[in-house]
Amino acid sequence: AVLRLREPSWAVCALRSGHFAGAVFKGQEAVVHKAIHRYTIRAKSGGSQSAADSGKSIKSAGSSLRRYGETRLKEEVKELMVDKWAEQLASCELIFVSVSKRMRSTLLGTTL
(Lines give C-alpha, C1' and ligand atoms only; values in the text may rest on other atoms or scores of the structure.)
Protein backbone atom coordinates (compact mmCIF):
# COMPACT_ATOMS: atom_id res chain seq x y z
CA ALA A 1 0.00 0.00 0.00
CA VAL A 2 2.86 2.39 0.82
CA LEU A 3 4.38 1.87 -2.63
CA ARG A 4 1.14 2.91 -4.32
CA LEU A 5 0.34 5.89 -2.10
CA ARG A 6 3.77 7.49 -1.60
CA GLU A 7 5.72 6.07 -4.57
CA PRO A 8 9.13 6.17 -2.85
CA SER A 9 12.33 5.68 -4.81
CA TRP A 10 14.13 2.51 -3.76
CA ALA A 11 16.71 0.08 -5.13
CA VAL A 12 17.73 -3.57 -4.91
CA CYS A 13 21.28 -4.75 -5.67
CA ALA A 14 22.63 -8.30 -5.38
CA LEU A 15 26.16 -9.47 -6.20
CA ARG A 16 27.26 -13.05 -5.65
CA SER A 17 29.03 -15.89 -7.48
CA GLY A 18 29.67 -14.00 -10.69
CA HIS A 19 26.11 -12.66 -10.91
CA PHE A 20 24.92 -9.07 -10.43
CA ALA A 21 21.28 -8.02 -10.47
CA GLY A 22 20.07 -4.54 -9.67
CA ALA A 23 17.09 -2.29 -10.17
CA VAL A 24 15.89 1.16 -9.12
CA PHE A 25 12.17 1.60 -8.57
CA LYS A 26 9.79 4.53 -8.30
CA GLY A 27 6.91 3.05 -6.32
CA GLN A 28 6.14 -0.26 -8.01
CA GLU A 29 7.61 0.62 -11.42
CA ALA A 30 11.21 -0.20 -12.35
CA VAL A 31 13.06 2.92 -13.54
CA VAL A 32 16.28 1.08 -14.51
CA HIS A 33 17.37 -2.53 -14.15
CA LYS A 34 20.32 -4.68 -15.17
CA ALA A 35 21.57 -8.25 -14.76
CA ILE A 36 25.19 -9.22 -15.46
CA HIS A 37 26.81 -12.65 -15.42
CA ARG A 38 30.52 -13.41 -15.71
CA TYR A 39 32.39 -16.73 -15.51
CA THR A 40 34.14 -16.48 -12.12
CA ILE A 41 33.31 -19.63 -10.15
CA ARG A 42 35.36 -22.82 -10.13
CA ALA A 43 33.02 -25.59 -11.30
CA LYS A 44 32.66 -28.54 -8.92
CA SER A 45 35.41 -27.13 -6.65
CA GLY A 46 33.23 -24.18 -5.74
CA GLY A 47 34.40 -20.75 -4.67
CA SER A 48 35.83 -17.86 -6.61
CA GLN A 49 39.09 -17.96 -8.51
CA SER A 50 40.61 -15.21 -6.36
CA ALA A 51 39.93 -17.30 -3.25
CA ALA A 52 41.68 -20.29 -4.85
CA ASP A 53 44.62 -18.09 -5.94
CA SER A 54 45.55 -16.89 -2.47
CA GLY A 55 49.14 -17.97 -2.01
CA LYS A 56 49.28 -20.11 -5.15
CA SER A 57 50.43 -19.58 -8.71
CA ILE A 58 47.70 -21.15 -10.87
CA LYS A 59 48.21 -20.58 -14.59
CA SER A 60 45.60 -22.70 -16.38
CA ALA A 61 43.47 -21.28 -19.18
CA GLY A 62 40.34 -21.67 -17.05
CA SER A 63 41.85 -19.77 -14.14
CA SER A 64 42.87 -16.94 -16.48
CA LEU A 65 39.31 -16.75 -17.84
CA ARG A 66 37.86 -16.68 -14.30
CA ARG A 67 40.30 -13.93 -13.21
CA TYR A 68 39.36 -11.90 -16.28
CA GLY A 69 35.66 -12.51 -15.52
CA GLU A 70 36.10 -11.24 -11.94
CA THR A 71 37.89 -8.12 -13.17
CA ARG A 72 35.26 -7.36 -15.83
CA LEU A 73 32.40 -7.92 -13.37
CA LYS A 74 33.96 -5.47 -10.90
CA GLU A 75 34.49 -2.89 -13.67
CA GLU A 76 30.95 -3.26 -15.02
CA VAL A 77 29.31 -3.02 -11.60
CA LYS A 78 31.40 0.04 -10.69
CA GLU A 79 30.52 1.74 -14.00
CA LEU A 80 26.84 1.01 -13.46
CA MET A 81 26.74 2.23 -9.85
CA VAL A 82 29.04 5.26 -10.18
CA ASP A 83 28.30 6.51 -13.69
CA LYS A 84 25.06 5.23 -15.19
CA TRP A 85 22.83 4.92 -12.10
CA ALA A 86 24.42 7.55 -9.82
CA GLU A 87 21.57 10.03 -10.10
CA GLN A 88 18.83 7.44 -9.56
CA LEU A 89 20.64 5.84 -6.60
CA ALA A 90 21.23 9.22 -4.96
CA SER A 91 17.49 9.89 -4.97
CA CYS A 92 16.59 6.55 -3.33
CA GLU A 93 15.05 6.48 0.15
CA LEU A 94 15.94 2.79 0.60
CA ILE A 95 18.60 0.57 -0.96
CA PHE A 96 18.50 -3.17 -0.30
CA VAL A 97 21.86 -4.92 -0.75
CA SER A 98 22.90 -8.57 -0.80
CA VAL A 99 26.61 -9.21 -1.27
CA SER A 100 29.30 -11.59 0.00
CA LYS A 101 32.05 -10.23 2.22
CA ARG A 102 34.64 -10.79 -0.52
CA MET A 103 32.67 -8.70 -3.05
CA ARG A 104 31.45 -6.00 -0.63
CA SER A 105 33.99 -3.39 -1.76
CA THR A 106 32.99 -3.96 -5.40
CA LEU A 107 29.36 -3.10 -4.73
CA LEU A 108 29.68 -0.54 -1.93
CA GLY A 109 32.99 1.04 -2.96
CA THR A 110 34.59 0.71 0.48
CA THR A 111 36.65 -1.83 2.37
CA LEU A 112 34.56 -2.58 5.45
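Is Glu7 buried, exposed or partly exposed? In this predicted model, Glu7 is partly exposed, with a relative accessible area of 40%. You'll find Glu7 in the loop between helix H1 (2–5) and strand S1. Its backbone is worth a look too: phi of Glu7 is near 50°, a positive value in a residue other than glycine.

Ser17 also deserves a look. Ser17 sits in the loop between S1 and S2, and phi of Ser17 is near 55°, again positive in a residue other than glycine.

Now for the inside. In soluble globular proteins, nonpolar side chains tend to be buried together. Here, the largest nonpolar core has 17 residues, and the ones touching the most other members are Leu15, Phe20, Met81 and Leu107. Which elements give two or more residues to this core? They are strands S1 (9–16), S2 (19–26) and S3 (29–37), plus helix H3 (61–84). H3 is the top contributor, with four residues.

Setting aside neighbours within four places in sequence, Met81 is in contact with Cys13, Phe20, Ala86, Leu89 and Leu107. Two of those partners, Phe20 and Leu107, turn up with Met81 among the residues that touch the most other core members.

Methods. Residues are numbered from 1 along each chain as its sequence is written. This is a predicted model: local features need pLDDT of at least 70, side-chain atom pairs count only at pLDDT 80 or more; totals for chains, interfaces and linings use all residues. Side-chain values use heavy atoms; hydrogens and water are left out. A nonpolar core is a set of buried Ala, Val, Leu, Ile, Met, Phe, Trp, Tyr and Cys residues joined through side-chain atoms within 4.5 Å. Buried means under 20% relative accessible area, exposed over 50%, partly exposed in between (1.4 Å probe, protein chains only). Contact means heavy atoms within 4.5 Å.
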